[in-house]
Structure formats: C-alpha cells, structure tokens
Amino acid sequence: EDHAGERGRLLHARPPRKAALCGQGQEPEEAGRDLRQRPHAARPPATHDRGHGIGRGDHDGGRVEALLLESNMIKRLKPHYNILLRDDKSFPYILLRRGHRWPQISKYRGAKSGQGDYFGPFASAGAVDLTINALQRAFPLRSCSDSVLESRTRPCLQHQIKRCTAPCVGRIGKADYDVLVEEARAFLAGRSRQVQRRLTDRMTAASDALEFETAAAYRDRIKALAHIQMRQGINLPSMGDADVVAIHDEAGQACVQVFFFRSGQNYGNRAFFPRHGADDTPEAILRAFIGQFYSGREAPPLVLVNRSLEEAPLLAEALTLKAGRRVKLHRPLRGAKRKLLEDAERNAREALARRLGESTAQRRLLESLAQRFELEGAPDRVEVYDNSHISGTDAVGSMIVAGPEGYIKSAYRKFTIRSTAGDDYAMMREVLTRRFSRLIKEDPGRSGESWPDLVLIDGGAGQLGEARRVFADLGIADLAVAAIAKGPERNAGRERVFLPDRPPVALGARDPLLYFLQRLRDEAHRFAIGTHRAKRAKARVRSALDEIPGVGPRRKKALLHRFGSARGVSQAGLADLETVDGISSAVARAIHDHFRADR
C-alpha cells in the first residue's frame, strides 16, 4: 500500500484538521512518534465547554473529526509508536432475506447491501452456525441457495430432520411460511416472550382439539426456543443493543474483552490483544481500542466500559457522528450492568493469563531452538515453507509464520506455482525466489517486521540446497535456514533437521523441541494441503464454457438452461445458438468455432 497516497487521500477528505497527525512528507512512523510526543497536535487544548453536542461550534466539531481521523490513520498506516488493534476481522451476522417468495435464513459477513434483516454481530462464525441450527428447529426456514431451491424435485435431508418445511416442493403454503418468517424475525429482534406465548397458545388449542401431533410439533419448537435462550447465557431484556467492553492489563500486555448484546440477548464475546507501548495506561489503551474498533463498524446505542476515560464525551460524540444516531459511553458503578462489566473483566483477565502462559512456553521453545541451531538469539519470526500437488497438477506453495505469541495467521501466504509444477525442488526454488525478491524490493534495509529470523523448509538436504542457492543468487548471506525431514519410511518422531555445513541433527523422541518443530511443519502442511484442495475443487466445477471469451455468468446460465449441459452446447448448431436469449450472432459464432477448433 502506498502510505503517502493513502495519507493524502485521508487528509484531503478532512481539510480542517489536515495537519493533525502527519506533517507534509512525514512517514507513518514519524507521524506515530509525533502523536505520542505531542498529543496536543492531534487535538486542541481541552475546554470547559464539554456539554455541547455535535455542531455546537467549529471547535468541538474539529476535535471530533480529528479523533475519527486519528483512529482511521493509525488503523490504516499502523505506525510503530501508537496503540494498534491488530485483529480487524469482520463479524458475522444472521441474515433473514427479503425480496424472495421464500425468504432464506443464512450466515452473512460483509457489507449490508442486500435486502433483508441483519441480526448481530455475533462473536464468531461458530456461534452463528449454532444459533441458525437451533433456530431452524423452532422456525424451519430454508437455508439453501436460490439455485438449489429452484432445482429440487423432492425434499432434502433438512426436511427429513424437521429443520425445513420444504417450500421447494410445495410442502408448505406461502401464508404459513410467511408466519414462520415473521416469528423468526420477532424472536431475533428480542420479542421472544411474545413468540413463546403465541406458540404456547397454539399448542394448547391443538391439544384441546385432540390434534396431538400438531401439539407435539409446537412443543418441540418451544423447547428449541428455550434451548437457544439457555445457551446464550446471560440475557438482559432491558439492555437492548449494547456492547460491554472491559480491559485488563498485566506484565506489560493488555486484553480487551467485548461482549455483544443485541435486543437484550447475548451474542457471544471475543478477546482482543492490542499492541501498545510499555508506558501506555489502561485508559489510553481502551480509548484507542474503542476508536479503532468502531472505525470500521457501527457502534450500538450503548457502550459499557470498565474504566473512566478522560475524553469519554468527545469519544461518544465521535461514535455518534459516525453512527448517525446517539451513542452513549457509560461506566456503571452498580447494578446488573456493573455485574456484566465484572464478568467481562474476569474473562479478560483469564484470557490474558492463558496468553501469557502460552507466550512464555513459546518463548522458551524459541530460545531452545536458537541454542540448538546456534542462532544469534531467539527468533521473533519463523517462516515455514511447503508445497502441495498431485502429479504436478494444481500445484501450490505455502508459507506460515510463527513467533513468540504463536502463529501469525495474518502473515500466511499462498503461492500458485506458475511454471515448475511436478519438480519439488524447482517448486521450492520458485516460491522462495518470489517471496524474497519481493521482500528485497519492499524492504531492502530490513527495517520492518516482514523479514524472518529463521526459514524452515519442509524437506531434506535437497530442499535446503535449493534454498541456499536462492539466497545466494539474491545476495542474502545472513539469513538462518534449516530443513526438517521425516525419518525412514516417513515415520513421524524420527525427524532429522538439516543445517548448512553441518551433519543432520536427530532430536530425541521426547524432546519438546521436536514436538515444536513438528507442529510448525504440520501447520505448513495443513495450510498447503488446504490451499491445494481449494484450488482443485475450483477446477472441478469449471465448465468448458468458462474458456470462451465473451461468455460470462449470465450467458453461461442461459446456454445451460437451453441445452442442459456444456456438452449439449458443444453439439448445438450455429442457428440454435443464435436463438438463445442474450447470445448475439457474433457470440454464437465464437461459441460454435471454439468447440470445433480442434476437429
């Protein structure tokens, strides 16, 4: 990313505060240092008039915009001297679609651009899957795609296990299906008691009418709703939409725990570990976290925090400005909300304790690795490389990264092998050449964090030799490299480690360092195989029509509907092709000639 261009675009977007963070020509690191040394440069001096709302004078408006700009720039440019939220994954939602005869319930992640109701965010994709599975027991709505719905000729397994009413084959009427949709929407919107009361009345009426099978179906749906509420743990109907944000710091590290409440229902929680300086206070970390966390997502009307923030009114105004409605930042001192904060802080403390324990063990292993391999010090970044293919087809290379905090999955990379598929040595040479050629171009002075301290190859002496030749050709002379190979008959537990200009090292079967290297090798292997399988699966579903210029998804669909298959299209005459909607005479000629080029 071009930092200077990105900086310029952001600064010109907000001209009143364009000098708040970066002076003309400053690098991101300098901007970060400037913020920490001169905080008044990012915000005007505090005034006593903190009670005004947004728009009550240019001074407060400028301060709010400066705060938003600061969070955005730190998050985008990632300067070394600022508190930085590194985990920036989007959160999944439950989408109840509109605009279709048979609305679909599904997991959704991304921009809310489609028609429908979005419920969330949920803390994880697993939480969404569990909730949808439970919801389908109570509200048996379809979860299949439109294409599957339209192509079904008989009910699928979801109908057999009573998680779908099979609208695809007419097992339910439109009116009854709409009732299920509205009940599911009401339940997800927080009106669970109303829905349960309605189902209970129907169950009682069916029982009085001696329709016991119908009554049993309502009973099962009521149980499913109760199961959802029980699994969600703490539910506070009076909470409405709120996030509970608590921080705990210890041993120079901090953990921020976020609980998501929507319509009073607990949608799960997630732990974050922002990067910060040794002298940053918990209040400063929490303030920076909130600014960056909500810079890419909409804040709920209420955000509970466990620390008193000096700039809480200003931060609340910034969140309000971004959300387009009032957002309250509150630190409760008593009651149920205070209890929620205590629970969140306890979760943060326990998550940080686990991370510190794992980090200590990981650092010990890295120190042991440095001692055994005679490195200058414990490596902070280890890159592991592997390849995967089947007889040279769909060949891919992979790189995984590990450090003192564990796997750095955001740094993982995939490589599509371009010209040397089938030759393991040549494949490794291509991957390493592409990786380190780009690294030399992007960071020739090794001033960033992208250069590894140790390169580990999945292979033996041959792969190690290829790696050394690549580094020699690129002029890299001081990079530690090793290769790990399985023992005789590929027996795990008898691995040997190959090092430059040294005999192979055989680690003891119970050596913790052996287990550590095995985990690194297996993670690289897992990532490579997963990438290869995804590429192979994508190739399997490709059609011969994809290779024809001018035939996109719409024309491809029209052709398949008209002729049934790609083979049917290949056998069609020119006149028949011209009768298909959306296929012009020129495109029909191109399709006709494509399938007859080799005849």
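Predicted model: local features only at pLDDT ≥ 70, side-chain atom pairs only at ≥ 80, totals over all residues.
The crossing of α7 and α8 is left-handed. On the side of α7 the contact is made by Val179, Glu183, Ala186 and Phe187, and on the side of α8 by Ser192, Val195, Arg198, Leu199 and Arg202. Sorted by class, the residues of this contact comprise five that are nonpolar, one that is polar and three that are charged.

Beyond helix α8, the chain passes into the loop between α8 and α9 (212–231), where Leu210 is found. Although Leu210 is not a glycine, this residue has a positive phi of about 65°. With a relative accessibility of 62%, Leu210 counts as exposed, because the value lies over the 50% cut-off.

From α13, the residues Asp424, Tyr425, Arg429, Leu432, Thr433, Phe436, Ser437 and Ile440 take part in the contact, and they meet Gly462, Gln463, Glu466, Ala467, Val470, Phe471 and Leu474 of α14. The contact of α13 with α14 contains eight nonpolar, four polar and three charged residues.

Another residue with a positive phi, of about 55°, is Arg446, which is likewise not a glycine. Arg446 is placed in the loop between α13 and β13 (454–458). Its relative accessibility is 32%, so that Arg446 counts as partly exposed, a class that lies between the 20% and 50% limits.

With regard to the cysteines, a disulfide is a covalent bond between the sulfur atoms of two cysteines. In the model, the count of disulfides comes to zero under a rule that asks for a pair of cysteine sulfur atoms within 2.5 Å. For Cys156, the closest cysteine sulfur belongs to Cys164 and is 5.5 Å away, which is too far for a bond. As to accessibility, Cys156 counts as partly exposed because its relative value is 27%, whereas Cys255, at 0% relative accessibility, counts as buried.

Conventions: Residues numbered from 1 in each chain as written. Heavy atoms only, no water. Left-handed = near helix turned anticlockwise from the far one by under 90°. Helix = DSSP H or I, 4+ residues; strand = E, 2+ residues; numbered from the N terminus. Contact = heavy atoms within 4.5 Å. Nonpolar A, V, L, I, M, F, W, Y, C, P; charged D, E, K, R; others polar. Buried < 20%, exposed > 50% of the residue type's maximum accessible area, 1.4 Å probe, protein only.
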